Amino acid sequence: MERVYRGIGASPGIGIGRVLIYREPELAGWSETIEDTERELERYRAAVREFSARAEERAEGFELAVGAQQAEILRSQAAMSLDPVLAERIEKKIILGKPAEAALDDECRRFIESFAASSEEVLRLRAADVRDLRDGLLRILLGLPETDLSHLPPSTVLIADDLSLAAVSSLDPANVVGIVLSHSGQVSHCAILARALEIPAVVGTPGVFEALSGGEVAVVDGTKGEVHLGLSPNKLVGWGRNREQFRLLRDSLREFIGKETHTAEGVPLCLEANIGSENDVLRAQEYGIDGVGLFRTEFMFQSRDYFPTEEEQFQVYQRIALALQGRPLTLRTLDAGGDKLLPYLHHPQEENPELGCRGIRLCLREERMFRTQLRAILRASAFGNVRMMLPLITSVDELRHVRALVAQCREELAREGLPCGRDLPLGVMIETPAAVVMARLLAREADFFSIGTNDLTQYVMAADRKNTQVAGYYSHYDPAVVRSVEQIAQAAREGGIPVAVCGEAAADPLYLPLLLSFGVRELSVLPAALLPTRKAVSRWSLEEAHAVAARALELETENQVRAWLEENKRL
Ligand code: PEP
Ligand code: MG
């Protein structure tokens with residue numbers, strides 16, 4: 001009999017295969033007493049070292065195969081295992097006579113229970129991360145092998161309650177055609193990795209795990225978030241066709257590989273990549289790019305436990321600049337603070353970190369650290385078409401301050417005989433309401449603008465971009481955001497400087513007519529969005545885009561704008 005289980009579509013596509021139920025082994029059975037405290041402490045520390053090394057190794061493998069931003073998830077797990085506060089709490093318990101397993105379990109359980117009870121999804125997801133960490137460490141302490149799902153049979157539909165990061169990162173997409181999890185959410189780390197591996201996935205599907213015994217034929221529709229079982233042969237043939245259509249659509253994008261990006265009537269656009277590492281550039285280059293519109297340098301700072309030296313930074317920037325062979329490399333200076341804390345930097349406790357010392361503010365506070373980055377960027381500019389871009393600018397003063405620092409660093413380098421490029425365009429990200437209001441004045445002094453629609457939406461709408469409670473307010477379709485984007489583009493035009501968009505809106509096909517009509521000719525998107533964006537641009541003429549945008553600007557509510565753009569969507 002046909003049955004459908006509904007959950008959340010977490011990774012698009014259709015997978016048809018045989019169910020394999022995966023259960024994590026029971027992690028229990030440790031002794032309740034210890035004989036030697038010192039030995040027990042060392043046993044725990046050795047397990048942490050091993051866990052962190054394994055996570056780093058997995059991250060490296062994943063970075064090569066998939067990309068830096070996803071690998072960062074695995075690295076953050078390694079960083080969490082080394083957290084000094086957690087270590088201190090666990091070690092205290094061991095000193096009081098608990099075995100390492102029990103101390104670890106007790107401490108993690110406290111975090112898991114309090115995070116899991118939270119009304120905020122972000123915190124609930126943290127519970128899964130801590131559970132993952134605890135289970136990984138317990139496995140090592142109990143001498144159990146690491147989870148390895150790399151050799152599952154072909155056409156496997158993997159069903160589990162939840163999967164650890166170690167388990168997902170070990171999957172071979174050649175064998176696993178679908179993933180179904182009873183727990184987990186759309187923005188869970190597991191879902192992000194499944195998307196990166198292009199394995200269709202449905203999560204948050206209660207009951208499915210208990211209802212199956214394995215071996216059944218299942219269809220996973222990761223686009224709609226459905227799992228179909230007990231299908232007749234006819235229906236299965238239909239699903240096979242749907243799967244083909246999806247693949248065709250994916251394949252149809254392949255015709256845009258390496259092509260120029262232009263509108264229907266041939267107006268060229270500069271399509272660039274948002275990257276987090278050197279490997280991202282390699283992936284992006286496979287699709288063809290006109291440059292890098294945003295290098296989020298903070299990934300490099302977050303993945304170390306010390307501040308990267310000038311030489312280390314220089315070498316990375318130089319290699320990417322050279323790889324781009326004269327195409328622009330837009331280096332965003334360190335955008336840390338807020339929720340991106342650096343383990344080796346003292347970040348004061350802040351009540352509202354997103355409104356606190358982040359982005360350019362942190363760099364101007366930590367001037368020595370900032371100068372190191374400026375020097376590295378200036379040196380790299382001798383090897384390619386390097387541009388520098390400042391995050392979270394709110395005033396002309398900040399821009400002037402940075403210009404003065406750049407000039408000083410340039411002089412220093414000249415005295416030291418280290419070459420710099422003659423020209424280093426200095427641009428600002430427009431992502432705060434202050435920058436929108438000041439855009440005309442900023443355009444007189446900046447060499448270019450890049451609109452960070454992610455933060456712009458957050459700050460214009462006063463809605464934390466990670467807080468699901470206010471997700472309804474966080475929308476770049478809101479007329480307040482649309483008008484802000486239009487004003488920024490106009491200020492850039494009047495000031496005679498280029499304006500790019502590097503936030504998520506750049507990759508939103510619904511938003512495209514607005515950006516084209518406002519005069520944006522430079523889009524920077526994640527590598528996975530390059531081909532869909534190139535295809536979407538080819539569907540619009542400027543005249544058609546102007547007509548859609550003119551009407552959108554007259555609309556008064558978010559709903560109306562979204563509906564109007566939906567109505568005119570071209571995929
Ligand atoms: C943005 O805010 O739109 C942006 C591109 O930067 P990030 O997402 O890194 O804050
Ligand atoms: Mg931003």
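The structure is a predicted model, in which local features need pLDDT of at least 70 and side-chain atom pairs count only at pLDDT 80 or more, while totals for chains, interfaces and linings use all residues. Residues are numbered from 1 along each chain as its sequence is written, chains are lettered from A and ligands numbered from 1 in the order in which they are written, and side-chain values use heavy atoms, with hydrogens and water left out.

**The magnesium site**

Glu431 (OE) and Asp455 (OD) coordinate the magnesium ion, ligand 2, at 2.1 to 2.3 Å. Donors are N, O and S atoms within 2.8 Å of the metal (3.2 Å for Na, K and Ca); because water is not among the atoms, sites may look incomplete. Glutamate 431 lies in the loop between strand S14 (426-430) and helix H16 (433-437), and aspartate 455 in helix H18 (residues 453-460), so the pair ties together parts that are 24 residues apart in sequence. Helices (H or I, at least four residues) and strands (E, at least two) are DSSP runs, numbered from the N terminus. Glutamate 431 and aspartate 455 are both buried, a term for under 20% relative accessible area, whereas exposed is over 50% and partly exposed is in between (1.4 Å probe, protein chains only).

Ligand 1 has 13 residues around it, of which Arg296, Arg332, Gly452, Asn454 and Arg465 come nearest; a residue is near if one of its heavy atoms lies within 4 Å. H18 gives the most to this shell, with 3 residues. Strand S11 (292-296) and H18 each supply at least two residues.

For a polar backbone atom of asparagine 454, the distance is 2.7 Å.

| Residue | Loop between | Relative accessible area |
|---|---|---|
| Serine 155 | helix H5 (121-141) and strand S4 (156-160) | 36% |
| Glutamate 198 | helix H7 (189-197) and strand S6 (201-203) | 47% |
| Glycine 266 | strand S9 (261-262) and strand S10 (268-275) | 41% |

Most residues other than glycine have a negative phi. Serine 155, however, has a positive phi near 55 degrees, and glutamate 198 has a positive phi of about 60 degrees. Glycine 266 and serine 538 are 272 residues apart in sequence and 8.2 Å apart in space, C-alpha to C-alpha.

Terms used: A polar contact is a pair of N or O atoms within 3.5 Å; within protein, one must be able to donate a hydrogen and the other to accept it, and residues adjacent in sequence count only if both atoms are side-chain atoms.
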